[in-house]
Amino acid sequence: MTRYLSGALALTLVTQLAGAQCIQVMERDFEVSTNEIGSAVVEWNAELENQCRKTLDADLKIHLLNKNEEPVYELLDKTTLGVAESQALKKEVYIPSRIVDEVDGFAIEIVERERQY
């Protein structure tokens, strides 16, 4: 079973959750799939853009949401964006198969900090 989820479903949540002031989520999408042996995979991708004139480290929390837009699972990642840099991220992560039927959307929360050299 493969489920594709994208579009404006969690767009407002991305804006609300993003604590970032410089790094913006320009595009995002994800896919949840299972196989016959009971494992589940979420493949998420996002286009991030640093709109400030400083290099930033970013902690990313990817929230998998149910139909009520409540988090049911959380994925973590990190990245660094240079001055005015755009970056495409694409990750494939195993998740508990028991939550697959609950997942109906996703949001990205960004915590950014200026890179210290």
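Is A84 buried or exposed? A84 is exposed, with a relative accessible area of 53%.

The model is predicted: local features need pLDDT of at least 70, side-chain atom pairs count only at pLDDT 80 or more, and totals for chains, interfaces and linings use all residues. Residues are numbered from 1 along each chain as its sequence is written, and side-chain values use heavy atoms, leaving out hydrogens and water.

**View 1. A84 sits in the loop between β5 and β6.** Exposed means over 50% relative accessible area, buried under 20%, and partly exposed in between (1.4 Å probe, protein chains only). Strands are DSSP runs of E, at least two residues, numbered from the N terminus. Phi of A84 is positive, near 55°. Most residues other than glycine have a negative phi.

**View 2. E69 lies in the loop between β4 and β5.** Phi of E69 is near 60°, also a positive value in a residue other than glycine. E69 is partly exposed, at 37% relative accessibility.

**View 3. W44, L48, L60 and I95 touch the most other members of the largest nonpolar core.** This core has 25 residues. A nonpolar core is a set of buried Ala, Val, Leu, Ile, Met, Phe, Trp, Tyr and Cys residues joined through side-chain atoms within 4.5 Å.

**View 4. R115 is in the segment after β7.** R115 is partly exposed, at 32% relative accessible area. Not counting residues up to four places away in sequence, R115 touches T55, L56, D57 and T80. Contact means heavy atoms within 4.5 Å. R115 and T80 are 35 residues apart along the chain, with their C-alpha atoms separated by 8.2 Å.

Key:
Helices (H or I, at least four residues) and strands (E, at least two) are DSSP runs, numbered from the N terminus.
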